[in-house]
Amino acid sequence: MPYSLRKKCLLQGCLLWIVILLLGSLTEAQATHLRAGDITAKRDTTPNPNPRRFFFTMTIYRDQGSPIFDEQVTIANGDGTTQRVDRYSISDIGNETDREVFYWEYTYPADGTYIIGCNIEERNNGILNIAPPTNQVSFYISTTI
């Protein structure tokens, strides 16, 4: 095989590997990670309880191999206000899944019905009960009190 042909084949082979590596890194960079979650609420039961004060727990389940989202989330309190909440804990629950827990409390200005929610822009791809592409559908959980 002539030298120029060997050089051309070597160059094409190198370019092919570069393209494969770049495509592989793009796929991994777009990986999403959220699987499930819930928000629970408990009315104030401390001494001298305030009936408008609630204690909340949000639990998020995510893939272990994916990047961790912020250690804080934004919570919509349902009365037009939002607050940033720190992650309290993260633990391995098996099956390559972590559980992240967030705690907070909030006192409402008036009696009423409130929808407390959290919207996160990360989701696993290939979820069967959501129209594809599921990784472009934001992850939203809420509870009503």
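The model is predicted: local features need pLDDT of at least 70, side-chain atom pairs count only at pLDDT 80 or more, and totals for chains, interfaces and linings use all residues. Residues are numbered from 1 along each chain as its sequence is written, and side-chain values use heavy atoms, leaving out hydrogens and water.

**Exercise 1.** Find the bridge partner of Cys118 in S7.

Solution. Strands are DSSP runs of E, at least two residues long, numbered from the N terminus. Strand S6 covers residues 115-120 and runs antiparallel to S7, with six bridges between them. Two strands pair if DSSP finds at least two bridges between them. Cys118 has Ile141 as its partner. Ile141 lies on the covered face of S7, along with Phe139 and Thr143.

**Exercise 2.** Describe the salt bridge between Arg35 and Asp63.

Solution. A salt bridge needs a side-chain nitrogen of Lys or Arg within 4 Å of a carboxyl oxygen of Asp or Glu. Here the N to O distance is 2.3 Å. Arg35 sits in strand S1 and Asp63 in strand S2, 28 residues apart. Arg35 is partly exposed at 34% relative accessible area, while Asp63 is buried at 16%. (Buried means under 20%, exposed over 50%, partly exposed in between, with a 1.4 Å probe and protein chains only.)

**Exercise 3.** Trace the salt bridges from Arg87 to Glu71 and to Glu100.

Solution. Take Glu71: its closest atoms to Arg87 are 3.6 Å apart, N and O. For Glu100 and Arg87, that distance is 3.3 Å. Glu100 is buried at 0%, whereas Glu71 is exposed at 55%. Shared partners join Arg62, Glu71, Arg87, Asp98 and Glu100 into one network.

Definitions and conventions
Helix = DSSP H or I, 4+ residues; strand = E, 2+ residues; numbered from the N terminus.
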